[in-house]
Amino acid sequence: MGAFRNGESIRVGTASLLSESIVSLGDYAVGGDSAERNRPRLSLTALLAAQVERIRMFGSAAFDLACVADGRTDGCVILSNNPWDIAAGTVIVRESGGLLYDSDGSTHSVASRHTIAGNGFTANELVGLASRAHSDSLW
């Protein structure tokens, strides 16, 4: 079937080096327990900053996933999943040839706690970085 933007077929990017990848990161937590909830986000941000070309934070999980599907970014990590935020985007990423995982490396599903998307290389590398961030802090 495929994915399309304005009638034109879209595909995920072809990045094969993190140092040449643009990765988007989901929003930071706010509210009373935000310091605790942001520990893994801050750890992941530090790991990404040291390894990728650029980090983007768009503020919309749907837009993060659409950018991956269209090859405008090479991957994304979303640590706050709400089905209404990610459902359509996950379909578009898959239809454009991308892969989606939970942060534990399992295939992304409705029950996933987190969303990691990209091409075969970037998605797998981002799972590894998420795992490292997890070991540095509590999810």
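The model on screen is a predicted one.

**Stop 1: the partners of Arg72.** Asp70 and Arg72 form a salt bridge, and their closest N and O atoms are 2.6 Å apart. Asp70 itself is buried, because its relative accessible area is 16% and buried means under 20%. Arg5 has 38% relative accessibility, so it counts as partly exposed. With the three residues shown together, you have a network of salt bridges linking Arg5, Asp70 and Arg72.

Side chains of opposite charge can pair when their charged atoms come close.

**Stop 2: Asp33 and Arg37.** How many salt bridges are there in the model? The count comes to three. One of them joins the side chains of Asp33 and Arg37, 3.4 Å from N to O. Asp33 is partly exposed at 40% relative accessibility, and Arg37 is partly exposed at 36%.

Stop 3: Return to the loop between α2 (61–69) and β5 (75–78) and select Asp74. Which side chain of opposite charge is nearest to Asp74? It is Arg56, 9.9 Å away. A salt bridge needs a nitrogen within 4 Å of a carboxyl oxygen, so Asp74, although buried, has none. To see what surrounds Asp74, leave aside its neighbours within four places in sequence and show its contacts, among them Gly13, Glu20, Ser21, Ala117, Asn119 and Thr122.

**Stop 4: the sheet.** Switch to a cartoon view and look for an open sheet of five strands, in the order β4-β3-β5-β7-β6, with mixed pairing. The edges are β4 (54–56) and β6 (99–101); each has a single partner strand, so one side of each is left without a neighbour in the sheet. On average, neighbouring strands of this sheet are turned by 20 degrees against each other, direction ignored. Next, select β3 (residues 22–25) together with β4: these strands pair in the parallel sense over three bridges. In this pair, Ser24 stands opposite Arg56 of β4.

**Stop 5: helices on the sheet.** Select α1 (residues 34–51). This helix lies across β3, β4 and β5, and runs at about 170 degrees to β3. Then select α2, which packs on the sheet and touches β3, β5, β6 and β7 (115–118). The direction of α2 makes about 155 degrees with that of β5.

**Stop 6: the buried residues of α2.** Keep α2 selected and colour its buried residues: Ala61, Asp64, Leu65, Cys67, Val68 and Ala69.

An α-helix has 3.6 residues a turn, so residues three or four places apart point the same way.

What do the buried residues of α2 pack against? They pack against β2 (8–10), β3, β5, α3 (83–95), β6 and β7. To finish, move along to Gly71, which follows α2 and has a positive phi, near 75 degrees.

Note on methods: Residues numbered from 1 in each chain as written. Predicted model: local features only at pLDDT ≥ 70, side-chain atom pairs only at ≥ 80, totals over all residues. Heavy atoms only, no water. Helix = DSSP H or I, 4+ residues; strand = E, 2+ residues; numbered from the N terminus. Buried < 20%, exposed > 50% of the residue type's maximum accessible area, 1.4 Å probe, protein only. Lys, Arg positive; Asp, Glu negative; His and termini not counted. Contact = heavy atoms within 4.5 Å. Pairing = 2+ DSSP bridges. Axes fitted to C-alpha atoms, helices over the stretch in contact; angles between N-to-C directions.
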